[in-house]
Amino acid sequence: MMQILDSEKEQKIVPVFRLAFRPFFLGASLFSVVAMVLWAMFWAGNGSVAAFMYGNPIWWHSHEMLFGFTGAVIVGFLLTAVQNWTGNPGVRGWALAFVFMLWLMARVGLLLGSPSVIWMVVDLLWMPISAYFLAKPIIIRQQWNNLFFTPMIVLMTLLNALFHLIALGMTDLTTRSVSFATVMVISIIVLVVGGRVIPFFTWRGTQTEQITRVKWIELASLASSWLLLLVVLASLVLPSTVIPQALLPVLLLSTAVLHFIRFARWRTFSTLRVPLLWSLHFAYAAMIVGMVLLAMHYTNQAVSYSVALHMLTVGGVGCMIIAMIARVSLGHTGRALQIKRVMVVAFVALIASTLVRTVMIAWLPALTINAYVISACLWAMAFTIFSVVYYPILTQARVDGRPG
C-alpha cells in the first residue's frame, strides 16, 4: 500500500526533485564548470573576472570549491543515502526544491555580489536545514551509527561562517587555516564513506571473494583520522604554543599509513578493467598520498603546501566525487552500473588535472601559472562531460518506474 501511495505522490513531483542526488549532483557539477572556467581565465591574465569572485579570487575559489561544490555533493549524497539506511522516504518535492534554491541563491550571490552579511546569512541556511532533514529519519529509526554525519554538516556550517567573517574582515583567522580545517572535515567524510562502500563495490563489481573488515585496522585508521581532525580544529581556537608543531605531521603520516594498510586489502588490481571501480581506488589512494605530502610539508616543507593540498582535494575529493556520483546516479535511477566510454574520458581528465596541478608544478615550478590554467580546464572538461551525459539521467524519472 505504501509503495502505491508513494508512486501516486511521486507523479506530482518534477523528476529532478524526487531525491536530493538529482538537483545537487547536477547543480554542483555545472557550477564547478563555471567556477573552474573563471579560475582558468583569472590565472590566464583576464583580471576582469575577479569582479565575479566576491572581491577576492583566492577566497572565492577556496570557499566555493569546498562549500558550493563539495558541500552540495555531500548533502545530495547523504540526503539520498538516508532513505536506504532508514527505509523512510528522503526529502523531496517542495522541501527539496527550497533547500536547493537556497544553495543556488548563495552561489549566484557570491558570484555576482560583494561581501555582505546578507549573502552570509543566505549561504549559511541551506546546510543546517539539510542537517535537519538528514537527522530526522535517523533519529526516528535510532540508527545512531549514521547520526555522526549530521554534526559534520553542522561543523561545516560553522566553518562556512568563519569563511564569511574573513571576507567581511571580522576575524583575524586566515583563509588558509579555515580552508585547511574544512578540507580535513571533508576528508573524514570521504574516508568514512569510501571505507564503507569501496570494498563492497569492489567485491560485487569484480565478482571476487568478499572483502572482510579487520576490526583493528578499521578502528585504528578511523581513530587516527578523528584525532587529526580534532587537532586541526583545536589549532583554530588555541594559541600556537599549546599544540606541539610536530603533532600535526605525525598525525597526518600515521593516518596515511593506517589508511594505506586498510586500502591494501581492497584488491585494487582486480578493478583495472572496471572504470567505476578503479576511479574510486585512485581517489582513495590520492587521499593517502595527499596526507603524506602534507606531513612532508609540515615537517620540513619538502613539498609545497599548495601541491600537497591539491593532491588531497583534486585527486582525492574531486576524483572520489565524480566516481561516486557517476555510480550513484545510475543505481538510484534504476539503470545498469555501466558507464559510457566518454565518462572514462572524464575520469582520465580529472586524474590528469590532479597530476598537472601537483606533479607538474613540483617538477617544473616555472610553469606553475600554466599548470593552474591547464588543471582548471581539465577539471571543467571532466564535469562538463558528466553534466552532458547525466543531465537526462538526473532530470527524468527512474527507468524501472519506482519512486526516486
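Five helices each supply at least two residues of the lining of the largest pocket: α3 (57-86), α7 (175-206), α8 (215-237), α10 (275-300) and α11 (305-331). Helices here are DSSP runs of H or I with at least four residues, numbered from the N terminus. This is a predicted model, where local features need pLDDT of at least 70 and side-chain atom pairs count only at pLDDT 80 or more, while totals for chains, interfaces and linings use all residues. Residues are numbered from 1 along each chain as its sequence is written, and side-chain values use heavy atoms, with hydrogens and water left out.

A pocket is an open set of points on a 1 Å grid over the protein atoms alone, where a 1.4 Å probe fits, with protein on both sides within 12 Å along at least five of seven lines; lining residues have an atom within 4 Å of a point. Volume is the space filled by probe spheres set on the points, which are joined across faces, edges and corners.

The largest pocket comes to about 880 Å³. Its lining has 38 residues, with R196, V197, F200, F201 and R327 nearest the centre. α7 gives the largest share, 10 residues. By class, that lining has 21 nonpolar, nine polar and eight charged residues (nonpolar: Ala, Val, Leu, Ile, Met, Phe, Trp, Tyr, Cys, Pro; charged: Asp, Glu, Lys, Arg; polar: the others, Gly among them).

Now the second largest pocket, at about 630 Å³. Of its 29 lining residues, H61, S62, L309, H310 and R357 lie nearest the centre. Here α11 gives the most, eight residues.
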